[in-house]
Structures are given as structure tokens and as C-alpha cells.
Amino acid sequence: MKAYKIIQSNIHRNGLCAAHDIKKGKRIIEYKGKKITNKQADEDSKYGYDITYLFILNKKYLLDGDFKFNKARLINHSCNPKCEVLDESKSKIWITAMRDIKKNEELSYDYGFSFDSDYKDHICKCRSKNCVGFIVREGSRWRLKKQANS
Ligand SMILES: [Zn+2]
């Protein structure tokens, strides 16, 4: 039985939620896609502006997850995520539970976008208490707070 199901998301379009209670540390779904080189990503305009489904595997390869068969692509970003990305062998990426997740809770993880000039293109609607309004990785969010205070 699958640990997830597709739902109408509270955050953005479709999402995934837990089909049953999931224990912390459990693997939920593999993030599947096509392995491409950095060079291909640079040269193909498909990857020009939408980085949402690209995962960096290593210096040479990226994983393009923009395929219908990759259900994990439906998982939304959250500033207070329930899942994290485990890339053990650098060729397989798993979305795992960061903490115990209850049945029907929406799955989410930190997309890990860096804080750069176009961060405003990626609005976050996760509605968690600590939401900074944009999809920016946890380690860079202090920059946003600093900006808001200045
Ligand atoms: Zn948020």
C-alpha cells in the first residue's frame, strides 16, 4: 500500500498527503526523473526559468523530475516541512518523514531554493507560523528577515 495519495492541496494546486500514519524516518516516495548533465540543463531552454523540478545530484548531474510518472513532484514546499530529501547514493532521491506524520496530513519539504535575485518569483503559501512568504531554503531565510526589518 502506498504511503501517499494525491489531493487538492491547501498550499498550491495538487499535492500529496499521507495515506496512513507514517513514522519518522520512513521513506515515503522516490523522486523519479531523468538524469541530465549540467551542460544539457544550460543548453536546453526548457530549464531556463523553471527550476522547480530540478535536483542537483552532484557536480555533473541533475535530476529532471518534470514527468507525469514522478508523483513526488506534486509535493509542495513548506517553511515548516514534514518531510526531507534523502539522497543517499546521489543517484536515488527519497522523500522521507522528518517526523511522525498523521493520516491525511499534507506532505511538504524544503525545496532548498537559494536566496538570489529572483526569489520573489517563488511565492510561498504554506501558511505555517514561520512562513517567510517566499520559497527560500531554511539556511537563507535570515536574509529575508533582515530585509524585512531594515
Ligand atoms: Zn512558507
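The largest nonpolar core has 19 residues, and those touching the most other members are Tyr-4, Ala-18, Ile-28, Ile-75, Cys-83, Ile-95 and Leu-107. By nonpolar core I mean a set of buried Ala, Val, Leu, Ile, Met, Phe, Trp, Tyr and Cys residues joined through C-beta atoms within 7 Å. Buried means that 20 or more other C-beta atoms lie within 10 Å of the residue's own; with 12 or fewer a residue is exposed, in between it is partly exposed, and the C-beta atoms are placed from the backbone. Two or more residues of this core come from each of strand 2 (14–18), strand 3 (27–31), strand 6 (61–64) and strand 9 (93–97).

A word on the source. This is a predicted model, where local features need pLDDT of at least 70 and side-chain atom pairs count only at pLDDT 80 or more, while totals for chains, interfaces and linings use all residues. Numbering starts from 1 along each chain as its sequence is written.

Apart from neighbours within four places in sequence, Tyr-4 is in contact with Leu-16, Cys-17, Ala-18, Ala-19, Ile-28, Ile-29 and Leu-107. Contact means C-beta atoms, placed from the backbone, within 7 Å. There is also a second, separate core of six residues, among them Cys-79, Cys-124, Cys-126 and Val-136.

Next, the elements. The chain has two helices and ten strands, in the order β-β-β-β-α-β-β-β-β-β-β-α from the N terminus. These are DSSP runs numbered from the N terminus: helices are H or I with at least four residues, strands E with at least two.

Pairing requires at least two DSSP bridges between two strands.

Which residue of strand 6 is the bridge partner of Lys-35? That is Leu-63, and strands 4 and 6 pair over four bridges. Four residues lie between strands 5 and 6 in their hairpin.

Finally, the whole chain. Of its 150 residues, 23% are buried. Among contacts between residues at least 6 apart in sequence, 61% join residues at least 24 apart. The C-alpha atoms fill a box of roughly 40 × 40 × 25 Å along the principal axes.

Definitions and conventions: Contact = placed C-beta atoms within 7 Å.
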